[in-house]
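Here's a quick briefing to read with the model open in your viewer. Take a look at the structure first, then work through the points by topic.

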Amino acid sequence: KQFGPEHEVTQKDVEHYLNLRSSTVTHILARAEENGLITREKSLKDSRAKHLSVTPKGQNLIPVFFSVLDSIENKMTAGMNEEERQLLKRLLSQAADNLTDEKGSKGDVILKDKSQSMAGHSAVTRRDILVIGIVVAGAFIAILNQTVLSPALPKLMEDFQITAGTAQWVTTIYMLVNGIMVPVTGFLIDRFSTRKLFIGSMCIFMVGTLVCAAAPSFAVLTAARVLQAMGAGIQLPLVAYV
């Protein structure tokens, strides 16, 4: 009955009347305003405050609401003395405050929904698994090629008429170029897409492999191993990047 411009009822008055914290009353009034039960307008006495007015819809529902509250209170406090009633009110007030804190404001709910939405979008898809599988397979081939020629060193020494010290360069040069390409790949990742780097490195690696297979001399074989190592050296950092 006291809600209206002539009485200047503010949120502070409601807090005092309901004996609830400011955050709890703010939440209650916000919900009431959303449902069209009250309106908040600038106070004529204090421009920084807002007075509360009950809408026609609220005039029909709020009395019923308080009537139900009074009925519940009377049933709950039947047979209690004044001290016990005040204790029960304080306990209910604390429970309401805790419930509001757990539920949070409308903004908290929106943020929670957004975080859940983001979590849903960040789920691993079948395409992601396929991309990771392809990159890992390329890296496996790159690592395998570091020592794949070791069993063939005796045959290379026989075919090209070279010493063991010279033959071992087909493996040494591969690992050396691999190590050089790791920091170079960091530079390339900043300038090219992962897709272009992967396809380009695989092309370089396959060209090197074909040249290795058809190498007429040990010098050509070594140069082909350098090409293989360049392609493989790009593959290894891509695994960590992807």
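What follows goes from the overall fold to the cores and then to individual side-chain pairs. Keep in mind that this is a predicted model. The protein has 11 helices and 2 strands, and buried residues make up 29% of its 242 residues.

**Overall layout**
- Going along the sequence, you'll read the pattern α-α-β-β-α-α-α-α-α-α-α-α-α.
- Among contacts in the protein with a separation of 6 or more, 60% come from residues 24 or more positions apart.
- The accessible surface is about 16300 Å², and carbon and sulfur atoms account for 64% of that surface.

**The nonpolar cores**
- The largest nonpolar core holds 16 residues, and the ones with the most contacts inside it are Y174, V177, L197, F198, A232, I234 and L238.
- Helices α6 (126-144), α9 (169-189), α10 (194-213) and α11 (218-241) each put at least two residues into this core.
- Helix α9 gives the largest share of this core, with 6 residues.

**A buried asparagine in a loop**
- N145 sits in the loop between α6 and α7 (153-160).
- Is N145 buried or exposed? Its relative accessibility is 12%, so N145 counts as buried, the cut-off for buried being under 20%.
- Leaving out residues up to four places away in sequence, N145 touches Y174, F205, R225 and Q228.

**The aromatic pair**
- A pair of aromatic rings is described by the distance of the centres and the angle of the planes.
- The count here comes to 1 aromatic pair.
- That pair is F160 and F218: the ring centres are 6.2 Å apart and the planes are at 65 degrees, so the pair is edge-to-face. The angle cut-off for that label is over 60 degrees.
- The pair links distant parts of the chain, with F160 in helix α7 and F218 in helix α11, 58 residues apart.
- On accessibility, F160 is partly exposed, with a relative accessible area of 23%, whereas F218 is buried at 13%.

**The salt bridge**
- How many salt bridges does the structure hold? The structure holds 1.
- The partners are K155 and D159, whose closest N and O atoms are 3.9 Å apart; the cut-off is within 4 Å.
- K155 and D159 both lie in helix α7, and they are 4 residues apart, about one turn of the helix.
- K155 is partly exposed at 48% relative accessibility, and D159 is partly exposed at 47%.

**Cysteines**
- The disulfide count comes to 0.
- C203 is partly exposed, with a relative accessible area of 39%.
- C212 is buried, with a relative accessible area of 18%.

Terms used:
Residues numbered from 1 in each chain as written. Predicted model: local features only at pLDDT ≥ 70, side-chain atom pairs only at ≥ 80, totals over all residues. Heavy atoms only, no water. Core = buried A, V, L, I, M, F, W, Y, C linked by side-chain atoms within 4.5 Å. Buried < 20%, exposed > 50% of the residue type's maximum accessible area, 1.4 Å probe, protein only. Contact = heavy atoms within 4.5 Å. Areas by Shrake-Rupley, 256 points an atom, 1.4 Å probe, with all protein chains shown as cover. Phe/Tyr/Trp six-rings, centres within 6.5 Å; stacked < 30°, edge-to-face > 60°. Salt bridge = Lys/Arg side-chain N within 4 Å of Asp/Glu carboxyl O. Disulfide = S-S within 2.5 Å.
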